[in-house]
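Biologist: Please take a close look at one part of this model and describe in a connected account how it is built. Kindly state the cut-offs as you go.

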Amino acid sequence: MTLELDSAAEPSPPEATNGVWLSCIGCEETYSPFDDILYTCPDCNSLLEVRYDSLPTFDDFSGSGVWRYTDMLPLEEGVSIQEGDTPLYHVPDLEDELSVSSLHVKHEGMNGTGSFKDRGMTVGVGVAQRLGVDRLAVASTGNTSAALAAYGARGNMETLVLLPAGKVAAGKVAQASLHGARILEVDGNFDVCLDIVQELAARGEVYLLNSLNPFRLEGQKTIGLEILEEHYERHGSYPDRIILPVGNAGNTSALYKAFREMVQPGALDPADVPALTGVQAAGAAPIVEAVENNWDGIERWNDVETIATAIRIGNPVNAPKALPGIRETGGTAVSVTDEEITAAQRDLAGEGIGVEPASAASIAGLRKLRSSGVVSNDEEVVCLTTGHLLKDPEAAAKAGGDPEPVPGDTDGVLNHINN
Ligand SMILES: *Cc1c(COP(=O)(O)O)cnc(C)c1O
Ligand SMILES: [Zn+2]
């Protein structure tokens with residue numbers, strides 16, 4: 001495996017603040033992190049990433065949750081509601097059925113607002129405060145809006161969320177609403193919402209907290225660090241493979257960055273880096289298309305559809321960071337149908353783990369890659385489940401059994417259940 005190591009821990013450039021700076025992944029120009037508001041490179045328009053003067057090893061971490069990893073975050077503290085430290089569940093029935101050496105599920109639905117988006121927001125909203133901006137905004141398939149609304153509320157900041165009308169699960173809209181975001185229902189899909197909010201940010205009207213914002217990915221890196229630490233503690237080994245649902249490919253990019261930043265100071269052997277394996281819904285699979293065709297970039301899909309609304313995305317903005325991550329860790333990408341997603345959602349529920357449809361894509365992807373032989377039976381696998389079942393009650397109710405009407409007396413109920 002050939003991991004690019006030159007993207008972390010160099011002598012800090014003049015623009016650094018406390019050993020933190022921004023660097024362009026295209027032209028490598030560096031920028032000050034907190035002076036100007038930047039989302040992409042002013043010179044070449046490529047994505048930016050956060051860089052550090054020095055990087056920690058596992059022994060340097062203490063405490064729990066996202067801020068356990070403060071030595072590799074751009075701030076000492078953010079706006080926090082105790083995010084991270086989510087459970088890594090062993091799933092013995094699925095492990096048996098799919099016949100892999102070990103199978104665990106990292107359930108990000110157990111974050112405060114019910115998705116991993118909290119990890120990005122605790123850092124991103126903290127940076128927004130440091131920058132002194134006052135109006136925060138995101139385009140969202142739902143969970144980003146719920147997290148922004150909660151963290152914005154916690155930080156006493158104004159929040160705007162742009163949602164594709166009619167395509168956001170009920171639980172997520174309810175969260176954004178109660179936490180006090182202004183909800184703008186856009187006549188267009190997620191990618192259109194993101195086009196608009198990027199334009200609003202470019203005009204200086206809002207501070208953008210989509211995963212295009214490099215600071216958010218720093219918080220999301222901690223998913224990968226928790227998986228490494230917990231898996232090692234339990235098995236004395238790191239997982240061979242991490243399988244995750246892919247929408248904008250922020251997590252794929254963030255996990256790859258976490259691994260590079262552990263390899264760089266020698267805390268992780270390059271041979272121990274898990275193969276990053278992305279799963280998309282068949283109706284929204286530009287990353288899979290790019291991986292299968294060995295393209296350098298993705299082609300935008302204008303029409304996308306899937307029951308997994310959280311990954312109903314045709315123009316994954318982080319593809320330039322994620323595609324190298326998939327390739328250089330020896331991973332792959334695969335698409336699954338809505339039926340396969342729903343079946344996997346039921347299987348996880350059968351082990352007591354309640355997830356929303358997008359999350360189940362990771363298990364559905366594993367099943368497909370086991371039957372095609374891409375994943376072998378000696379692998380230790382971790383599947384990421386990104387959001388909680390209650391996010392999308394409608395999908396859960398459809399996937400589950402129907403309530404049975406019974407009479408209002410004991411004999412009638414007994415008669416019914418014994419028949
Ligand atoms: C945001 C989200 C995703 C997509 O994650 P990316 O980092 O954009 O690839 C997947 N599942 C759920 C539940 C989400 O909320
Ligand atoms: Zn550049």
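Modeller: Ligand 1 sits in the largest cavity; sitting there requires more than half of its atoms to lie within 2 Å of the grid points, and a cavity is a set of points, on a 1 Å grid over the protein atoms alone, where a 1.4 Å probe fits but cannot get out. This is a predicted model, in which local features need pLDDT of at least 70 and side-chain atom pairs count only at pLDDT 80 or more, while totals for chains, interfaces and linings use all residues. Residues are numbered from 1 along each chain as written, chains are lettered from A and ligands numbered from 1 in the order written, and side-chain values use heavy atoms, without hydrogens and water.

Around ligand 1 there are 15 residues, each with a heavy atom within 4 Å of it. The closest are Lys-117, Asn-143, Gly-247, Asn-248 and Thr-386. By class, this shell holds 6 nonpolar, 7 polar and 2 charged residues; Asp, Glu, Lys and Arg count as charged, Ala, Val, Leu, Ile, Met, Phe, Trp, Tyr, Cys and Pro as nonpolar, and the others, Gly among them, as polar.

Oxygen atoms of ligand 1 take part in polar contacts, that is, pairs of N or O atoms within 3.5 Å. Lys-117 places a polar side-chain atom 2.6 Å from such an oxygen. Gly-247 and Gly-250 instead use a backbone N or O atom, at 2.8 Å for Gly-247 and 3.1 Å for Gly-250. The protein covers 97% of the 380 Å² of accessible area that ligand 1 has on its own, by the Shrake-Rupley method with a 1.4 Å probe.

Terms used. Polar contact = N/O pair within 3.5 Å; in protein donor to acceptor, adjacent residues only side chain to side chain. 1 Å grid on protein atoms, 1.4 Å probe; cavity = no way out; pocket = protein on both sides within 12 Å on 5 of 7 lines; lining within 4 Å.
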